[in-house]
Amino acid sequence: MKYRTDLYLVRGLGSAKDGTRHWWMQRMTSLALVPLTPWLVFSLARIASMDYEQAIAWVRSPLTAVLLLSTILALAYHAKLGLQVVIEDYVHHEGVKIATLIGINFLTLLFGLASALAVLRVALAG
Amino acid sequence: MNTQNRPISPHLQIYRPQLTSVLSISHRASGVALCVGALALVAWLITLAAGPDAYARAAAVIGSWPGKVIVFLFTLALYFHFCNGIRHLVWDAGRGFDLATAYASGKATVAAAVLLTLVTWAIWLFSGGGA
């Protein structure tokens, strides 16, 4: 006897076995970036005229550091999801497509980690 | 099964460009461009962590005239993607789909992107960044 309804067949699944996760995370990261983007751009507009010591002091502030890390995380994930869709739509050669998708995954993770490490090095430096 | 001679929908070039379709593909194009632009942010953070000499070299590249032009274009692309992204989030909430509203929000998106770019650059220049 089957106790589960057929709902389990559709809940969170589909032909890609991924449900709406890609769509949803694209929206969640964009929602996070709605306040973070103007904050970063206006901060950088003021930072552009700062010298090294002032820029260091800005990143070292706990609020800046945690907002920068949040921005990096949301941005790297948002970029990965966005580039993935573009490749899936326009690259039709299966091998090239998969290789490019793997490359996008690796590079967005690499650049995200490098940025986060840079922020942590500045923020945690004694 | 004959799948070769079926009628297919016309190719994209057949259609006259409209504000809605141009903004749609521009959202995608600006998104890809901004992924390249984000590398500048990565580089800036890494030079900041690397020390004063690397930071000064990065500041010199960004402060040069070609650097300023590129950063200006990235600012415009970022604000366009930002405003049009909010437009998309409103659509995701199920609102603003009728034709008049779609055109009005499209025009507002372009105007807001230009305005925000100019305000940002005014702040930058007034805070001494243009020197």
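Read along its sequence, chain B follows the pattern α-α-α-α. That is four helices and zero strands, where helices (H or I, at least four residues) and strands (E, at least two) are DSSP runs numbered from the N terminus. The radius of gyration of chain B is 20 Å, well over the 14 Å that the globule rule gives for 131 residues, so chain B is more spread out than a compact globule. For this audience, the radius is taken over C-alpha atoms, and the globule rule is 2.2 Å times the number of residues to the power 0.38.

Before I go on, a word on the model. It is predicted: local features need pLDDT of at least 70, side-chain atom pairs count only at pLDDT 80 or more, and totals for chains, interfaces and linings use all residues. Residues are numbered from 1 along each chain as its sequence is written, while chains are lettered from A and ligands numbered from 1 in the order in which they are written.

Back to chain B. Its C-alpha atoms fill a box of roughly 65 × 40 × 25 Å along the principal axes. Of its 131 residues, 24% count as buried. By buried I mean that 20 or more other C-beta atoms lie within 10 Å of the residue's own; 12 or fewer is exposed, in between is partly exposed, and the C-beta atoms are placed from the backbone. Among contacts in chain B between residues at least 6 apart in sequence, 71% join residues at least 24 apart. A contact here is two residues whose C-beta atoms, placed from the backbone, lie within 7 Å.

Now chain A. There are five helices and zero strands, in the order α-α-α-α-α. Buried residues make up 24% of its 126 residues. Of the contacts in chain A between residues at least 6 apart in sequence, 70% join residues at least 24 apart.

So how do the chains meet? The contact takes 26 residues from chain B and 27 residues from chain A. On chain B, helix 1 (19-50), helix 2 (52-63), helix 3 (65-92) and helix 4 (99-126) each supply at least two residues of the side that touches chain A. The largest share, eleven residues, comes from helix 1 of chain B. By type, that side of chain B divides into 18 nonpolar, six polar and two charged residues. The classes are these: Ala, Val, Leu, Ile, Met, Phe, Trp, Tyr, Cys and Pro are nonpolar, Asp, Glu, Lys and Arg are charged, and the others, Gly among them, are polar.

Leaving aside neighbours within four places in sequence, V41(A) is in contact with L78(B) and T120(B). It counts as partly exposed, with 19 C-beta neighbours inside 10 Å.

Which residues have the most contacts inside the largest nonpolar core? They are L75(A), L48(B) and Y79(B), in a core of 37 residues. Such a core is a set of buried Ala, Val, Leu, Ile, Met, Phe, Trp, Tyr and Cys residues joined through C-beta atoms within 7 Å. Two or more residues each come from helix 2, helix 3 (52-60), helix 4 (62-90) and helix 5 (94-124) of chain A, together with helix 1, helix 2, helix 3 and helix 4 of chain B. Take L48(B): beyond four places in sequence, its contacts are A55(A), I56(A), V59(A), A118(A), V122(A) and Y55(B).

Next, a helix pair. Helix 3 and helix 5 of chain A pack at an angle of about 100°, with their axes 8 Å apart. That makes helix 3 of chain A roughly perpendicular to helix 5 of chain A, a label for angles of 65 to 115 degrees. The axes are lines fitted to C-alpha atoms over the stretch in contact, and angles run from 0 to 180 degrees between N-to-C directions. Here I56(A), V59(A) and R60(A) in helix 3 meet V119(A), V122(A) and A123(A) in helix 5. The residues of this contact divide into five nonpolar, no polar and one charged.

K80(A), in helix 4 of chain A, is buried, with 21 other C-beta atoms within 10 Å. Leaving aside neighbours within four places in sequence, K80(A) is in contact with I104(A), N105(A) and T108(A). I102(A) lies in helix 5 of chain A and counts as exposed, with 10 C-beta neighbours inside 10 Å. G103(A), in helix 5 of chain A too, is exposed, with 12 other C-beta atoms within 10 Å.

Terms used:
Angles under 35 degrees count as roughly parallel, over 145 as roughly antiparallel, 65 to 115 as roughly perpendicular and the rest as oblique.
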